[in-house]
Amino acid sequence: MIRNVILICILIFIFLLGPHLTASAVSSAPAEESAGHALLDSLVATFKELAEFREPVMEKTNKALADMMREAQKAKAQGQIDTVFFKRFHRILMVLKCVITPVHVGDAGIMKPLYFGAINEFIEDIEGEEYDIERAGTNAAIAKLTQAVSHELIDLRIYLDNKEKREKLIEE
C-alpha cells in the first residue's frame with residue numbers, strides 16, 4: 001500500500017515539477033546532449049500523462065518504463081548519450097520499477113529486501129544520508145523518495161547542460 005501511495009505522490013510531484021524541467025531544455029544543445037534532454041523530457045511527460053489515469057496506472061507505468069529503457073539503450077548505442085547519463089537514468093527507472101512492483105505476501109517477502117534496498121540505496125546516494133523507507137511513516141517516505149527522484153532529475157539536467165564546460169575545465 002505504501003508503495004502505491006509513493007507512486008501516486010511521485011506522479012503528482014513530477015507532474016508539478018515537469019514544466020520547470022522541460023522549460024529549461026534548450027534546442028541549441030549539441031546532439032549528444034539533446035538525446036539526454038529528450039529522455040528526461042520523456043520521463044517527465046510520461047509521468048504527467050500517467051498521473052491523469054487512476055485505474056491502469058501500474059500497467060501503463062510498466063510499459064512506459066520499458067519504452068524509456070529501450071530508448072535510452074538505443075541512444076547509448078548510437079553514442080547520443082554517455083555511460084554516466086545512461087547509468088543514472090537507468091537507475092531512476094529501476095527505482096520507479098521497484099516502487100510499482102508488488103511484493104507478494106505469498107513469497108514470504110523474499111524480494112522485499114531487494115526492492116526496498118534499491119530504493120533506500122538510491123535515496124542514500126542522492127540525499128547523502130541513510131534512510132529506511134519501511135520504517136519511515138508513509139508521508140515521510142513519500143516526501144523523501146520524491147525529493148530524491150526530483151534531485152536526481154535536476155542533477156541529470158545540470159549534468160547535460162554543463163557537460164562541455166566540465167570537459168573544458170578538466171583539460172585546463
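## A surface patch

A nonpolar patch joins nonpolar side chains within 5 Å of each other, taken from residues with over 30% relative accessible area and no salt bridge. This model, which is predicted, has such a patch on its surface, formed by Ile110, Met111 and Leu114. Together they have about 300 Å² of accessible area.

Leu114 sits in helix α5. Its relative accessible area is 51%; the cut-off for exposed is over 50%, so Leu114 counts as exposed.

## Helix α5

How far apart are the end C-alpha atoms of α5? They are 22 Å apart. The helix has 16 residues, and at 1.5 Å a residue it should span 22 Å, so the two values agree.

Parts of α5 are hidden. Its buried residues are Tyr115, Phe116, Ala118, Ile119, Asn120, Phe122, Ile123 and Glu127. Just after the helix comes Gly128, with a positive phi of about 80 degrees.

## The nonpolar core

In soluble globular proteins, nonpolar side chains tend to be buried together. Here, the largest nonpolar core has 38 residues. Leu43, Phe85, Phe89, Ile119, Ile133 and Leu145 have the most contacts inside it. Helix α4 gives the largest share, 10 residues.

Take Leu43. Leaving out residues up to four places away in sequence, Leu43 touches Met68, Phe89, Ile92, Leu93, Leu96 and Leu153.

## Salt bridges

How many salt bridges does the structure hold? There are 11. One of them pairs Asp41 with Arg157, with the closest N and O atoms 2.7 Å apart. Asp41 lies in helix α2 and Arg157 in helix α6, so this pair ties together parts 116 residues apart in sequence. Is Arg157 buried or exposed? At 4% relative accessibility, Arg157 counts as buried.

Arg88 forms a salt bridge with Glu152, and here the closest N and O atoms are 2.9 Å apart. This pair links helix α4 to helix α6, across 64 residues. Arg88 is partly exposed at 24% relative accessibility, whereas Glu152 is buried at 5%.

Lys112 and Glu134 also meet through their side chains, at 3.2 Å from N to O. Lys112 is in helix α5, and Glu134 is in the loop between α5 and α6, 22 residues apart. Lys112 is partly exposed, at 34%. Glu134 is partly exposed too, at 42%. Elsewhere, salt bridges link Lys63, Asp67 and Arg70 in a network.

Terms used: Residues numbered from 1 in each chain as written. Predicted model: local features only at pLDDT ≥ 70, side-chain atom pairs only at ≥ 80, totals over all residues. Heavy atoms only, no water. Core = buried A, V, L, I, M, F, W, Y, C linked by side-chain atoms within 4.5 Å. Buried < 20%, exposed > 50% of the residue type's maximum accessible area, 1.4 Å probe, protein only. Helix = DSSP H or I, 4+ residues; strand = E, 2+ residues; numbered from the N terminus. Contact = heavy atoms within 4.5 Å. Patch = residues over 30% accessible without salt bridge, like charges linked within 9 Å, V, L, I, M, F, W, Y side chains within 5 Å. Areas by Shrake-Rupley, 256 points an atom, 1.4 Å probe, with all protein chains shown as cover. Salt bridge = Lys/Arg side-chain N within 4 Å of Asp/Glu carboxyl O. Expected span 1.5 Å × (residues − 1).
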